[in-house]
Amino acid sequence: MPHGTTITQFISEEQRHAPGATGEFTALLNDIVTACKMISNQVNHGALIGALGSAGSENVQGETQKKLDVLSNEIFLQCNAWAGHLGAMASEEMDDIYHIPDEYPRGKYLLTFDPLDGSSNIDVNVSVGTIFSILKCPGGSEKPTVRDFLQAGTQQVAAGYALYGPSTMMVLTTGNGVNGFTLDQNIGEFILTHPNMTIPVDTREFAINASNMRFWDAPVKRYVDECLAGTEGPRGEDFNMRWIASMVAEVHRILTRGGVFLYPMDEKIRSKGQGGKLRLMYEANPMSFIVEQAGGGSVIGRERIMELQPEGLHQRVPVILGSRNEVERIRRYHEEAVG
């Protein structure tokens, strides 16, 4: 693609070579891009427009909703409901699926999204983001149900995230590699700046919340202990540890320079009766699609995340993703622990 290619041009060119393309998918992605631009504006001006702080409510997971969580969710619904590309939407912030209002036409796609990932960091000005995933609606259902959304990650048509940091970026895959676009504020367009993003297969950097160390299962503790042992340990190398507590920022760092991100199952999570910490439909599946398309790996322990059959809209799972060789090592440690 030539220098200065916009995200609209890029998507249109990709779809031009897709058999049976009608332009509907391109238009849907453009609506998502518009929503992310609007959320970026809200994030950048949050303190000025009184959008920071708590909204005084909880989402379906029982987490306190920030004002920007609620605003971002509304923006995504408004931008994507009217154009006739979607059959329904599902959001981390809503209990049930969102049916397209009767006054609007319906389309053949389903959209799942986390409107503002990492929002617990928003008041301290740490990078946050939006994560989304697009699925085909089985049989072109006129009135989709929850069951229509419960598709394995391998069925995703596209996935992406927007990162709201020093600059606003959009990272996107449609199953043909991963590309990054930076928002040019002067013209209001995302411009291709990071073509064909790939994750190095090896790394000496890992990200995990070390405060949970006492709760970790043996395979995770083994892996981290080996990394921390440095040149004197079995790995024979020094490792760096990172933790931002914003999945979009963590994954973006890995896409940019390599690394591995772990939010594993542990005794604290298990005692709460949860299957993990991160949401399969809104976080784990779309990020796994992006990471795998960039040459990385993504597992819950022994199993590949994108092969899991979802059991519910808000199902939680452990997540281990990033540089392929490190993910494979951690997967092998889980396998050995069982064997």
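This is a predicted model: local features need pLDDT of at least 70, side-chain atom pairs count only at pLDDT 80 or more; totals for chains, interfaces and linings use all residues.
Let's start on the surface, where D202, E232, E237 and D238 gather in a patch of negative charge.

**The charged patch**
- Four residues make up the group to look for: D202, E232, E237 and D238, together forming a negative patch on the surface.
- To find D202, look in the loop that runs between β10 (189-194) and β11 (205-207).

**Aromatic rings**
- The count of aromatic pairs comes to six.
- One of them is formed by W243 and F261, whose rings are stacked, at 5.8 Å centre to centre and with 5° between the planes.
- This pair links distant parts of the chain, since its members are 18 residues apart: W243 sits in the loop between β12 (240-242) and α6 (247-257), while F261 belongs to strand β13 (residues 260-263).
- W243 counts as partly exposed because its relative accessibility is 30%, a value that falls between the limits of 20% for buried and 50% for exposed.
- F261 has a relative accessibility of 2%, so it counts as buried.

**Helix α6**
- Helix α6 is largely enclosed by the rest of the structure, because nine of its eleven residues are buried.
- The buried residues of α6 are M247, V248, A249, E250, V251, H252, R253, I254 and L255.
- Just after α6 comes G258, which takes a positive phi of about 90°.

Conventions: Residues are numbered from 1 along each chain as its sequence is written. Side-chain values use heavy atoms; hydrogens and water are left out. Patches are made of residues with over 30% relative accessible area and no salt bridge: like charges are joined within 9 Å, nonpolar side chains (Val, Leu, Ile, Met, Phe, Trp, Tyr) within 5 Å. Accessible areas come from the Shrake-Rupley method with a 1.4 Å probe; for residues, only the protein chains shown count as cover. A salt bridge is a side-chain nitrogen of Lys or Arg within 4 Å of a carboxyl oxygen of Asp or Glu. Lys and Arg count as positive and Asp and Glu as negative; His and the chain ends are not counted. The place of a charge is taken as NZ of Lys, CZ of Arg, CG of Asp or CD of Glu. Helices (H or I, at least four residues) and strands (E, at least two) are DSSP runs, numbered from the N terminus. Rings of Phe, Tyr and Trp (its six-membered ring) pair if their centres lie within 6.5 Å; planes under 30 degrees apart count as stacked, over 60 as edge-to-face and the rest as tilted. Buried means under 20% relative accessible area, exposed over 50%, partly exposed in between (1.4 Å probe, protein chains only).
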